[in-house]
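Have the sequence and the structure open as you read.

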Amino acid sequence: MAQISAKCASQASPLLQGICRDGVLALRALHGGTGLLMTGGGALPASPSTVGRRLPGSPRIVVDLGATWARFSYPGLSYTASGTATEEQSVLAGGRATAVMGVFDGFSPVTGVGGILAVDAVAGVKWVRVPDSPVGPGSTLGWGGGLRIGVFRESFSLPGITFSATHDRAGALRYGTEEEPGAWVELEPAVTSFRAIAGKDLWPVGLSVGIGWDLYRGAGRIEARLAAEGDRQEVVATRSRDLSLDRRYLFAGLNYTWVVTQVAAEVTWTQAATPSTSLHGTGPFQPGDRELQGAVTLRLIY
């Protein structure tokens, strides 16, 4: 992101510099917002134990379908009469479909303690969005997978504790305007997410809490425009293929079990991803506000 910021600062027009900086801030904010949508709920929302195996040689399979949502702020890239960008806030909804298969049932050194170093394989697709704008595309599909590693499988005396690591990528997204003055940004997000979750069933309701660390990577592009004298246009276009943000957070969830189905919900309240107070655009937006993330899913356990 520093390379893009330097390109903005090199422009002769102070107003064009400001519009370009608004684009940088929008790209950062949307990178964090799409990251929230892509990691909402982790591998399996509110699921503190590995899925394991039903019988020797027969893996247990879980199919999980649901929605994710994220609330975050960002600078609007269309301009007021005074030449400043507005500050916007959106609650975006996305979708998720995940399949998890028990690969290894883990070790059970004593009665009542099992699932130690159990392994699940995770694969899934995501529907990812940015706020609606004239330039589009405002939505795309993401895909990815990962592993869940068990510390303990939940038992009568022990909670379930599981670590997970997943990686997801998505196609290009655009947000902004092609009017003058104005800017648009393009984002190709990638997210690596690490989570630790612990929980206990109070049949039929289970409660869970956890901590997470997300690494947002990807590529981005900014184009800022300003009308000059006559029919001329002042344009600055720049891109970066090494966008980088990170986020640490706490989350809590619950699930309700009925025979071989579960309804699960999870919510996260977190600080904006790696806020930077040194960059100022034309409007009031500055990163650093609290952001919300959540997921609601229905799963079938086979």
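Which side chain does the side chain of Gln 293 join in a polar contact? The partner is Thr 39, at 3.0 Å. The model is a predicted one.

**Gln 293**
- Gln 293 sits in strand S13, which spans residues 290-301.
- Its relative accessible area is 2%, so Gln 293 counts as buried.
- Beyond neighbours within four places in sequence, Gln 293 is in contact with several residues, including Leu 36, Trp 69, Arg 195 and Glu 266.

**Salt bridge between Arg 153 and Asp 105**
- The side chains of Arg 153 and Asp 105 form a salt bridge, with an N to O distance of 3.3 Å.
- Arg 153 is in the loop between strands S6 and S7, and Asp 105 is in the loop between strands S4 and S5, so the pair ties together parts 48 residues apart in sequence.
- Arg 153 is buried at 19% relative accessible area, whereas Asp 105 is partly exposed at 30%.

**Salt bridges between strands**
- Arg 148 and Asp 120 meet in a salt bridge of 2.9 Å, N to O.
- Arg 148 belongs to strand S6 and Asp 120 to strand S5, so this pair links parts 28 residues apart in sequence.
- Both residues, Arg 148 and Asp 120, are buried.
- Asp 168 and Lys 126 also form a salt bridge, their closest N and O atoms being 3.7 Å apart.
- Asp 168 lies in strand S7 and Lys 126 in strand S5, so the pair ties together parts 42 residues apart in sequence.
- Asp 168 is buried at 5%, and Lys 126 is buried at 8% relative accessibility.

Technical notes:
Residues are numbered from 1 along each chain as its sequence is written. This is a predicted model: local features need pLDDT of at least 70, side-chain atom pairs count only at pLDDT 80 or more; totals for chains, interfaces and linings use all residues. Side-chain values use heavy atoms; hydrogens and water are left out. Helices (H or I, at least four residues) and strands (E, at least two) are DSSP runs, numbered from the N terminus. Buried means under 20% relative accessible area, exposed over 50%, partly exposed in between (1.4 Å probe, protein chains only). A polar contact is a pair of N or O atoms within 3.5 Å; within protein, one must be able to donate a hydrogen and the other to accept it, and residues adjacent in sequence count only if both atoms are side-chain atoms. Contact means heavy atoms within 4.5 Å. A salt bridge is a side-chain nitrogen of Lys or Arg within 4 Å of a carboxyl oxygen of Asp or Glu.
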